[in-house]
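Please read the following report alongside the sequence and the coordinates.

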Amino acid sequence: MIKEILIVNTDELKKARELKGFSHRDMSKFLGAKSPATYNNIETGKVEPKIGQALRISKLLKEPVTNFFKLKVQC
């Protein structure tokens, strides 16, 4: 069985968010999440984001999705 996993580049994601002046609350609102903890868990690598979330994050930060997320395929 093939499984796809999004690996988060936590350092780059945090750096880009801070450079843009966004808080965890700002990012959560943009993602439509219920609390800032949702985004924080993505940024710290505790939770694997969905592909749509990864795309929205990169759009908000105006950087390529590959700067923050790598797709890993496990067989």
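Predicted model: local features only at pLDDT ≥ 70, side-chain atom pairs only at ≥ 80, totals over all residues.

Residues are numbered from 1 along each chain as its sequence is written, and side-chain values use heavy atoms, with hydrogens and water left out.

Helices (DSSP runs of H or I, at least four residues) and strands (runs of E, at least two) are numbered from the N terminus. In α4, the residues Q53, A54, I57, S58, L60 and L61 are buried, where buried means under 20% relative accessible area, exposed over 50% and partly exposed in between, with a 1.4 Å probe and protein chains only. The buried residues of α4 pack against β1, α1, α2, α3 and β2, contact being taken as heavy atoms within 4.5 Å.

Two residues with computed accessibilities can be set side by side.

| Residue | Relative accessible area | State |
|---|---|---|
| Q53 | 17% | buried |
| K62 | 70% | exposed |

Q53 is placed in helix α4 (residues 51–61) and touches L31 and I42, not counting residues up to four places away in sequence. K62 lies in the loop between α4 and β2 (69–74), and has a positive phi of about 55° although it is not a glycine. Most residues other than glycine have a negative phi.

A nonpolar core is a set of buried Ala, Val, Leu, Ile, Met, Phe, Trp, Tyr and Cys residues joined through side-chain atoms within 4.5 Å. The largest such core has 14 residues, of which L13, I57, L61 and F69 touch the most other members. Two or more residues come from each of β1 (3–8), α1 (10–20), α2, α3 and α4, and α4 gives the most, with 4 residues. Leaving aside neighbours within four places in sequence, F69 is in contact with L6, I7, V8, L13, I42, P49, A54 and I57.

Helix α2 (residues 24–31) and helix α3 (residues 36–43) pack at an angle of about 100°, with their axes 7 Å apart; axes are lines fitted to C-alpha atoms, for helices over the stretch in contact, and angles run from 0 to 180 degrees between N-to-C directions.
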